[in-house]
Amino acid sequence: EACENGETKIVQLLLERCNSEESGLNIKDEYWNLALMWACENGHKDIVQLFIEHCNSEESGLNTKDNLGITALMWACHKGHRDVVKLLLDHSDPNIHCFGFTPFMIACGKGQKDVVQLFLDHGDANIDVNARDYYGWTPFMRACSKGHKDVVQLLLNHSNPRIEVNAKHSNGCT
């Protein structure tokens with residue numbers, strides 16, 4: 001509840017004075033969401049920072065998936081919480097898949113321009129810019145199909161020639 005509602009001082013007290021079992025850090029709700037996921041989904045960057053400072057990645061559940069297969073980083077990308085994504089990029093798996101979707105693909109498909117820019121600035125060695133979902137769609141295709149002109153422009157202007165602008169999905173379309 002404290003993570004979902006942005007109660008930073010409460011979360012800090014729990015992290016400092018309780019072990020992960022006592023604080024409920026690793027307890028999943030009915031949707032399999034962990035406390036960190038709620039903080040990420042709601043854009044509470046100060047709480048996310050506390051998790052990074054006080055917990056190892058296993059304790060905090062940085063790469064844990066909820067019942068839909070979504071991670072904390074994916075929730076932050078979906079909602080466009082740039083500051084939260086920035087904190088998580090160095091501590092989470094940026095290429096983890098949920099039904100073939102990566103966090104970068106989610107940001108492109110949702111038109112989250114600032115988040116997409118973060119991924120591009122973060123370094124191509126760590127991000128699969130041409131990841132494909134189960135139907136063969138790439139992040140570039142997702143941005144194009146949803147009409148996210150600003151994201152498409154970012155990808156076209158990106159200095160990485162690895163972005164496959166003519167990739168074909170499973171039906172053969174580009």
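Me: How much space lies in the second largest pocket?
Reply: In this predicted model, the second largest pocket holds about 250 Å³ of space.

Me: And which residues line the second largest pocket?
Reply: The lining is made up of Ile70, Met74, Trp75, His78, Cys98, Phe101, Met105, Ile106, Gly109, Lys110, Arg142 and Lys146. Sorted by class, the lining has 7 nonpolar, 2 polar and 3 charged residues.

Me: Which helix gives the largest share of that lining?
Reply: The largest share comes from α9, which supplies 4 residues, and both α7 (72–79) and α9 supply at least two residues each.

Me: Switching to helix α10, which of its residues are buried?
Reply: In α10, which covers residues 113–122, the residues Val115, Val116, Leu118, Phe119 and Leu120 are buried.

Me: OK, and what covers the buried residues of α10?
Reply: The cover includes α7, α8, α9 and α12, and two of these names, α7 and α9, already came up as suppliers of the pocket lining.

Me: Now for α2 and α5, at what angle do they pack?
Reply: Helix α2 (residues 8–17) and helix α5 (residues 45–54) pack at an angle of about 10°, and their axes are 9 Å apart. Giving both an angle and a distance is how two packed helices are described.

Me: So are they roughly parallel or roughly antiparallel?
Reply: They are roughly parallel to each other, because angles under 35 degrees count as roughly parallel and the angle here is about 10°.

Me: Which residues meet there?
Reply: From α2, the residues Thr8, Val11, Gln12, Leu15 and Glu16 meet Asp46, Ile47, Leu50, Phe51 and His54 of α5. The residues of this contact between α2 and α5 divide into 5 nonpolar, 3 polar and 2 charged.

Me: Is Ser92 buried or exposed?
Reply: Ser92 is buried, because its relative accessible area is 8% and buried means under 20%. If its neighbours within four places in sequence are left aside, Ser92 is in contact with Leu62, Asn63 and Leu73.

Me: What about Asn171, buried or exposed?
Reply: Asn171 counts as exposed, since its relative accessibility is 66% and the cut-off for exposed is over 50%. Asn171 has its place in the segment after α12 (149–157).

Me: And what separates the C-alpha atoms of Asn171 and Trp137?
Reply: Those two C-alpha atoms are separated by 9.8 Å, while Asn171 and Trp137 are 34 residues apart along the chain.

Terms used:
Residues numbered from 1 in each chain as written. Predicted model: local features only at pLDDT ≥ 70, side-chain atom pairs only at ≥ 80, totals over all residues. Heavy atoms only, no water. Buried < 20%, exposed > 50% of the residue type's maximum accessible area, 1.4 Å probe, protein only. Contact = heavy atoms within 4.5 Å. Axes fitted to C-alpha atoms, helices over the stretch in contact; angles between N-to-C directions. Parallel < 35°, antiparallel > 145°, perpendicular 65-115°, else oblique. Nonpolar A, V, L, I, M, F, W, Y, C, P; charged D, E, K, R; others polar. 1 Å grid on protein atoms, 1.4 Å probe; cavity = no way out; pocket = protein on both sides within 12 Å on 5 of 7 lines; lining within 4 Å. Points joined across faces, edges and corners; volume = space filled by probe spheres on them.
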